[in-house]
Amino acid sequence: MEKPVLEINHIEKAYGDHKVLDDISFSVKKGEVVVVLGPSGCGKSTLLRCLNGLENIQGGEVKLNGEQISQNAKNIHQIRQKIGMVFQSYDLFPHMNILKNIILAPMKAQHRAKEEVTKEAEKLLKRVGLLEKKDAFPRQLSGGQKQRVAIVRALCMHPEVMLFDEVTASLDPEMVREVLDVMLEMAQNGSTMVIVTHEMQFAKAVADRIIFMDQGKIVEEGTPEEFFENPKTDRAKQFLNVFEFVA
Amino acid sequence: MQDLGIKILLQGDNLVRLLQGLGVTISISVISVLLSLAFGVLLGIVMMVKNPLIRFITRLYLEFIRIMPQLVLLFLVYFGSAKHLGWDLGGETASVIVFVLWGTAEMGDLVRGALQSISVHQTESGKALGLTKGQIYYYILIPQAVKRLIPQAMNLVTRMIKTTSLIVLIGVVEVVKTGQQIIESARLTSPSAALWIYGVIFFMYFIICYPISLIAGHLEKVWKE
């Protein structure tokens with residue numbers, strides 16, 4: 001059997017008495033797309049932030065290719081280079097143009113040559129249809145464009161896993177599609193991804209596996225077909241019903 | 001016949017002396033401002049540290065410097081160090097020390113404020129890209145902070161330049177003191193000298209400080225996010 005890229009073993013996290021993550025375990029294989037679903041406040045964003053050490057965990061462990069990730073590790077910044085993350089708030093660096101936003105980390109953190117990184121950045125920008133924006137500043141871009149740049153910025157580091165934290169949640173509805181299309185293409189090209197989203201149709205289309213969380217626990221796990229057509233738990237049924245009602 | 005006041009400027013080497021005095025003002029200002037800006041950025045970063053002891057010490061320093069009138073600080077450093085430590089600092093050195101202490105404190109607080117005003121997501125984005133803490137400060141936070149604090153920093157610089165006129169009181173002969181000397185020496189021959197001399201000094205300060213305001217305004221426009 002193939003060894004997992006990302007292994008999450010019994011992680012625990014609490015703010016005071018409030019348990020945010022309660023004994024979460026799962027693993028992600030190379031090329032697999034895992035979508036984490038669940039109601040607001042169920043801990044799914046916190047989970048993602050624990051995966052690259054932005055949040056400390058109180059118990060359990062997260063391993064990338066067998067190497068343990070912890071916020072206090074001396075080499076945490078090196079481990080993070082292998083884990084790309086895109087946030088809801090698409091925080092591009094406002095004082096740099098698009099190209100510089102993308103090439104900063106590959107040059108400074110990975111010490112790659114400027115010409116090589118620039119070439120790759122331009123190639124990636126072309127792929128997401130934003131090459132002509134490379135000299136523009138973030139403020140001149142729409143939300144959807146910024147988010148696509150944020151994805152390219154993370155991709156240019158050649159991460160082994162990409163984490164997406166509700167990347168379409170603060171976008172105008174008509175811009176959601178362009179971002180999801182980029183992610184779908186990545187999934188088809190074999191990227192390993194962990195995605196937190198509220199877009200059910202997208203989850204269905206992109207996921208190899210769905211993890212459904214509630215109140216800090218994994219309630220249900222399965223293929224998208226199983227989960228959407230035939231959910232096993234009442235909690236998942238209730239959750240999906242709400243979405244159908246909205247739709 | 002009574003002299004026209006303006007003649008006093010052209011008498012002897014009066015104008016040269018005034019310019020020399022201005023030179024003292026400028027050199028003390030420039031040294032103090034440059035050191036303050038550099039140390040201020042460092043202090044601002046140190047003030048972001050979570051360690052409560054370091055926070056307390058930097059806070060104490062800041063409040064102490066803020067509460068003390070600059071004149072008291074000048075006396076404290078100049079006379080205090082001579083009387084209690086036996087140091088003969090010289091007026092210029094004492095002035096630079098006081099202005100750097102003051103400028104660093106004020107600048108540090110400006111830098112801290114500007115750094116804190118930058119969204120935490122900027123730091124997180126940097127972290128998620130695998131940048132080290134130092135790189136995040138150097139490439140992401142400080143450039144943004146500097147842009148935000150330009151207006152207040154320029155205000156601080158002009159305040160520092162103007163406040164150098166206090167150092168007369170610890171015996172440094174800068175532009176205001178030179179002016180006073182010229183006025184004193186011409187008290188009988190040219191009673192209206194004071195008006196002209198102070199007028200010239202006014203313009204000298206204006207010529208130094210106005211470009212700083214202009215540059216600040218320009219930078220603000222260019223860097224507008």
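A: The lining of the largest pocket has 25 residues. Nearest its centre lie Lys50(B), Thr123(B), Lys127(B), Lys133(B) and Tyr137(B). A pocket here is an open set of points on a 1 Å grid over the protein atoms alone, where a 1.4 Å probe fits, with protein on both sides within 12 Å along at least five of seven lines; lining residues have an atom within 4 Å of a point. This is a predicted model, where local features need pLDDT of at least 70 and side-chain atom pairs 80 or more, while totals for chains, interfaces and linings use all residues. Residues are numbered from 1 along each chain as its sequence is written, chains are lettered from A in the order written, and side-chain values use heavy atoms, without hydrogens and water.

The pocket holds about 860 Å³ of space, a volume filled by probe spheres set on grid points joined across faces, edges and corners. Elements giving two or more residues to the lining are H2 of chain A and, from chain B, helices H5 (91-117), H6 (120-128) and H7 (133-163). Helices are DSSP runs of H or I, at least four residues, numbered from the N terminus. By class, the lining has 12 nonpolar, 5 polar and 8 charged residues. Nonpolar means Ala, Val, Leu, Ile, Met, Phe, Trp, Tyr, Cys and Pro; charged means Asp, Glu, Lys and Arg; the others, Gly among them, are polar.

Now the two chains. In contact (heavy atoms within 4.5 Å) are 24 residues of chain A and 20 of chain B. There is 1 salt bridge between them. Arg49(A) and Glu124(B) form a salt bridge at 2.5 Å, N to O; the term needs a side-chain nitrogen of Lys or Arg within 4 Å of a carboxyl oxygen of Asp or Glu.
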